[in-house]
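This briefing concerns a single protein chain, whose sequence and coordinates are shown directly below. Please keep both in view while reading the points that come after.

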Amino acid sequence: MARYIAFDIGDRRIGVAVSDPFNSYALPSQTYWRKGLSADIPALLAIAKEKGATAIVCGLPLNADGSESQQTEKTRFFIQKLTEAADLPVFTADERYTSAVAHEELYASGKNSRQHKNYVDALAAASILDGYLSSLKN
């Protein structure tokens, strides 16, 4: 059975989430702090291997109207490099509003804004993966 790992790719951090063994839901895993492309790609692939992933889902940042931005281009470049290095299939999923929802969840749980950077990206990755898993079921 497939096991998915999701990455919420940012300029400074990458949120990581994994699917449960039955691909019913996503679990926030960790936040990876970026060190540079040549270090980031092998590190993410090592995390994917450690988690037993058989496929990778990367969030694709789009504008509210669905159009692409400069951030979309930067993320596509990163995903291309990840795809070239991975021996796993790599998919993309719309990540609109996932960070905003993650921030709301953190405020609701009592975390202050300074604490958010340690959790928000992993929660956003879980939201990306939940959306992707839902699309597989439909």
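The following points cover the overall architecture, a helix pair, the aromatic rings and several individual residues.

This is a predicted model, in which local features need pLDDT of at least 70 and side-chain atom pairs count only at pLDDT 80 or more, while totals for chains, interfaces and linings use all residues. Residues are numbered from 1 along each chain as its sequence is written, and side-chain values use heavy atoms, with hydrogens and water left out.

**Overall architecture**

- The chain contains five helices and five strands, where helices (H or I, at least four residues) and strands (E, at least two) are DSSP runs numbered from the N terminus.
- The order of these elements along the sequence is β-β-β-α-β-α-β-α-α-α.
- Of the 138 residues of the chain, 40% count as buried; buried means under 20% relative accessible area, exposed means over 50%, and partly exposed lies in between, with a 1.4 Å probe and protein chains only.
- Contacts are defined by heavy atoms within 4.5 Å. Among those in the chain that link residues at least 6 apart in sequence, 62% join residues at least 24 apart.

**Packing of helices H1 and H2**

- Two packed helices are described by the angle between their axes and the distance between the axes.
- Helix H1 (residues 37–50) packs against helix H2 (residues 70–85) at an angle of about 55°, and their axes are 10 Å apart. That angle makes H1 oblique to H2.
- The axes are lines fitted to C-alpha atoms, for helices over the stretch in contact, and angles run from 0 to 180 degrees between N-to-C directions.
- Angles under 35 degrees count as roughly parallel, over 145 as roughly antiparallel, 65 to 115 as roughly perpendicular, and the rest as oblique.
- The crossing of H1 with H2 is right-handed, a term used if the near helix is turned clockwise from the far one by less than a right angle, whereas anticlockwise gives a left-handed crossing.
- On H1, the contact is made by Leu-37, Asp-40, Ile-41, Leu-44 and Leu-45; on H2, by Phe-77, Phe-78, Lys-81, Leu-82 and Ala-85.
- The residues of this contact divide into eight nonpolar, two charged and no polar. Here Ala, Val, Leu, Ile, Met, Phe, Trp, Tyr, Cys and Pro count as nonpolar, Asp, Glu, Lys and Arg as charged, and the others, Gly among them, as polar.

**Aromatic rings**

- The structure holds two aromatic pairs. Rings of Phe, Tyr and Trp (its six-membered ring) pair if their centres lie within 6.5 Å; planes under 30 degrees apart count as stacked, over 60 as edge-to-face and the rest as tilted.
- One aromatic cluster is formed by Tyr-4, Phe-91 and Tyr-132.

**Residues of strand E1**

- Phe-7 is placed in strand E1 (residues 4–9) and is buried, with a relative accessible area of 0%.
- Apart from neighbours within four places in sequence, Phe-7 is in contact with Ile-14, Gly-15, Val-16, Leu-44, Ile-56, Val-57, Cys-58, Gly-59, Leu-82 and Ile-128.
- The C-alpha atoms of Phe-7 and Ala-48 are 9.8 Å apart in space, and these residues are 41 apart in sequence.
- Ala-6 is found in strand E1 and is buried, with a relative accessible area of 0%.
- Excluding residues up to four places away in sequence, Ala-6 touches Gly-15, Val-16, Ala-17, Val-57, Ala-125 and Leu-129.

**Loop residues**

- Asn-23 lies in the loop between strand E2 (13–19) and strand E3 (26–33). Asn-23 has a positive phi of about 55° although it is not a glycine, and it counts as buried at 13% relative accessibility.
- Ala-86 is in the loop between H2 and strand E5 (90–94) and counts as buried at 14% relative accessibility.
- Leu-45 and Ile-56 are touched by Ala-86, not counting residues up to four places away in sequence.

**A residue of helix H3**

- Glu-105 lies in helix H3 (residues 98–108) and counts as partly exposed, at 43% relative accessibility.
- Glu-105 and Leu-123 are 18 residues apart in sequence and 8.6 Å apart in space, C-alpha to C-alpha.
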